[in-house]
Amino acid sequence: MMLRYKGFIGSASYSDADKCYFGKVENVPDLVNYEADNEADLQKAFEDSIECI
């Protein structure tokens, strides 16, 4: 699954071991990660991370 916001793309994965969703913003020079307990919150965390770039 890929997330999109303001022209940015982010990955989305689920960790069974950690019981959480996580991802990173793609195609930016810095490492920008985000995580959440569910898919809806992951989208919000992704959008919040974009606002901080």
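**Salt bridges and other features**

Modeller: A search of the whole structure finds 2 salt bridges, a salt bridge being a side-chain nitrogen of Lys or Arg within 4 Å of a carboxyl oxygen of Asp or Glu. This is a predicted model, in which local features need pLDDT of at least 70 and side-chain atom pairs count only at pLDDT 80 or more, while totals for chains, interfaces and linings use all residues. Residues are numbered from 1 along each chain as its sequence is written, and side-chain values use heavy atoms, with hydrogens and water left out.

Colleague: With which residue does Glu51 form a salt bridge?

Modeller: Side chains of opposite charge can pair when their charged atoms come close. Here Glu51 is joined to Lys6, and the closest N and O atoms are 2.8 Å apart. Glu51 lies in helix H1 and Lys6 in the loop between strand E1 (2–5) and strand E2 (8–11), so the pair ties together parts that are 45 residues apart in sequence. Helices (H or I, at least four residues) and strands (E, at least two) are DSSP runs, numbered from the N terminus.

Colleague: Which residue forms a salt bridge with Asp48?

Modeller: The partner of Asp48 is Lys44, and their closest N and O atoms are 2.8 Å apart. Asp48 and Lys44 are 4 residues apart in helix H1, so about one helical turn separates them. Asp48 is partly exposed, with a relative accessible area of 37%, and Lys44 is partly exposed at 46%.

Colleague: How do strands E1 and E2 run, and how many bridges join them?

Modeller: Two strands pair if DSSP finds at least two bridges between them. In this model E1 and E2 run antiparallel and are joined by 4 bridges.

Colleague: Which residues make up the largest nonpolar core?

Modeller: A nonpolar core is a set of buried Ala, Val, Leu, Ile, Met, Phe, Trp, Tyr and Cys residues joined through side-chain atoms within 4.5 Å. The largest one here has 11 residues in all: Leu3, Ala12, Tyr21, Val25, Val32, Tyr34, Ala36, Leu42, Ala45, Phe46 and Ile50. Strand E5 (33–36) and helix H1 (39–51) each supply at least two of its residues. H1 gives the most to this core, with 4 residues.

Colleague: What does Val32 contact, and what does Ser49 touch?

Modeller: Contact means heavy atoms within 4.5 Å. Leaving aside neighbours within four places in sequence, Val32 is in contact with Gly23, Lys24, Val25, Ser49 and Ile53. Ser49 lies in helix H1 and counts as buried, at 11% relative accessibility. Not counting residues up to four places away in sequence, Ser49 touches Val25, Val32 and Tyr34.

Colleague: How many aromatic pairs does a search of the whole structure find?

Modeller: Rings of Phe, Tyr and Trp (its six-membered ring) pair if their centres lie within 6.5 Å; planes under 30 degrees apart count as stacked, over 60 as edge-to-face and the rest as tilted. The search finds 2 such pairs. Tyr34 and Phe46 form a tilted pair, 5.3 Å centre to centre with 55° between the planes. Tyr34 lies in strand E5 and Phe46 in helix H1, so the pair ties together parts that are 12 residues apart in sequence. Tyr34 is buried, with a relative accessible area of 6%, and Phe46 is buried at 0%.

Colleague: How many disulfides does the structure hold?

Modeller: A disulfide is a pair of cysteine sulfur atoms within 2.5 Å. The structure holds 0 disulfides. Cys20 is in none, as the nearest cysteine sulfur, that of Cys52, is 19 Å away, too far for a bond. Cys20 is buried, with a relative accessible area of 10%, whereas Cys52 is exposed at 71%.

Note on methods: Buried means under 20% relative accessible area, exposed over 50%, partly exposed in between (1.4 Å probe, protein chains only).
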